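Please read the points below with the sequence and the model at hand.

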Amino acid sequence: MSKIAWITGASSGIGSATAIELAKLKYDLILSARRSERLEELKNSIIAEFGVDVHVLSLDVRDREAVSAACESLDERWKEIDVLVNNAGLASGLDLFQDASLDDWDQMIDTNVKGLLYVSKGVVPFMINRKKGHIINIDSTAGKEVYPKGNVYCATKYAVDAISKGMRIDLLEHAIKVTNLCPGMVETEFSKVRFHGDEEKASKVYTGYQPLVAEDIANCIGFAVSLPDHVCINDMVVTCTAQANSMFTKKD
Ligand code: NDP
Ligand code: 8X3
């Protein structure tokens, strides 16, 4: 029987690319995000190209009851989740602490931290029942070093680092792998979302050097899930060659 992977935030960027990568590896997929029309398009193209099974969930990870109901609504076959990629997330704003908006802060904390927890809390019991599973938490270089105006986005990604470490300890007895994956700058819709739709400002983030693309991170995920059962990548920090860390990028 095929393995099953659930990817949150599959309607764009790293999540969409990961769906394609795992379909290539013959995983059946649960794809979730709020923009369900995008998920339906991705589902149709993946089924046509790779012939795997795809189940779409229209889901806002901030909605605790909806996440719990979505997990319970899965039929028994779809509950046999081998891989959970906790990818849904965002930066909202890039402002000095004293100028930043509380709404931006709430949205990042609710999505990047609480949303990741809600989905994990729904899926972990299925993995415990099967005594196996692999959780991949999409963290960030922002979870390794704080940068100017990164304040609360960085805090949410530091929280993901701590959650990954905590999960790895507590789930040890159930043979569940936990991989914390920290990308540097990846050209996706991330900056457009961060700058509230300002595409010009967003594109400047990626000029003067060659950033990562979503497929680079999807490849890393494909690698991490293809290792033998006794091997777990705990922490993976991946940047483009032009980026040393959160603070230093060599631009032309
Ligand atoms: P995108 O904006 O391209 O994708 C973000 C995805 O998250 C979308 O599918 C979006 O779907 C989903 N999402 C956002 N909010 C919610 C929500 N409340 N409920 C459900 N889904 C949600 O950005 P990336 O692909 O770049 O980002 C993916 C992850 O990677 C994020 O966690 C981000 O922090 C992290 N990351 C990104 C980096 C980068 O430079 N791009 C670097 C390091 C980490 P929808 O809007 O349809 O709900
Ligand atoms: C996203 C990359 O550099 O904006 O996590 O923190 S960065």
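1. The structure under discussion is a predicted model. The points below should be read with that in mind.

2. Seven strands form an open sheet in the order 3-2-1-4-5-6-9, and their pairing is parallel. At the edges are strand 3 (54-58) and strand 9 (235-238), each of which pairs on one side only. On average, and with direction ignored, neighbouring strands of the sheet are turned by 15° against each other.

3. One pair of strands. Strand 1 (residues 4-8) and strand 2 (residues 28-33) run parallel and are joined by five bridges. Within this pair, T8 stands opposite S32 of strand 2.

4. Helices against the sheet. Helix 2 (residues 36-50) lies across strand 2 and strand 3, and runs at about 175° to strand 3. Helix 4 (residues 102-130) also packs on the sheet, where it touches strand 1, strand 4 (83-86), strand 5 (133-138) and strand 6 (176-183). The direction of helix 4 makes about 175° with that of strand 4.

5. The surroundings of ligand 1. Ligand 1 is surrounded by 30 residues, of which S11, S12, R34, Y153 and T188 are the closest. By class, this shell holds 13 nonpolar, ten polar and seven charged residues. Helix 1 (13-24), helix 5 (151-170) and helix 6 (190-194) each contribute at least two residues to the shell.

6. Polar contacts of ligand 1. A polar side-chain atom of S12 is placed 2.5 Å from an oxygen atom of ligand 1. For Y153, a side-chain N or O atom is 2.7 Å from an oxygen atom of the ligand. G89 takes part through its backbone, with an N or O atom 3.5 Å from an oxygen atom of ligand 1.

7. The surroundings of ligand 2. The residues around ligand 2 are S140, A142, Y147, Y153, M185, F190 and R194. Their classes are five nonpolar, one polar and one charged.

8. Polar contacts of ligand 2. Polar side-chain atoms approach oxygen atoms of ligand 2 from Y153 at 2.6 Å, from Y147 at 2.9 Å and from R194 at 3.3 Å. The protein covers 87% of the 240 Å² of accessible area that ligand 2 has on its own.

Key: Residues are numbered from 1 along each chain as its sequence is written. Chains are lettered from A and ligands numbered from 1 in the order in which they are written. This is a predicted model: local features need pLDDT of at least 70, side-chain atom pairs count only at pLDDT 80 or more; totals for chains, interfaces and linings use all residues. Side-chain values use heavy atoms; hydrogens and water are left out. A residue is near a molecule or strand if one of its heavy atoms lies within 4 Å of it. A polar contact is a pair of N or O atoms within 3.5 Å; within protein, one must be able to donate a hydrogen and the other to accept it, and residues adjacent in sequence count only if both atoms are side-chain atoms. Accessible areas come from the Shrake-Rupley method with a 1.4 Å probe; for residues, only the protein chains shown count as cover. Ala, Val, Leu, Ile, Met, Phe, Trp, Tyr, Cys and Pro count as nonpolar, Asp, Glu, Lys and Arg as charged, and the others, Gly among them, as polar. Two strands pair if DSSP finds at least two bridges between them. Helices (H or I, at least four residues) and strands (E, at least two) are DSSP runs, numbered from the N terminus. Axes are lines fitted to C-alpha atoms, for helices over the stretch in contact, and angles run from 0 to 180 degrees between N-to-C directions. Contact means heavy atoms within 4.5 Å.
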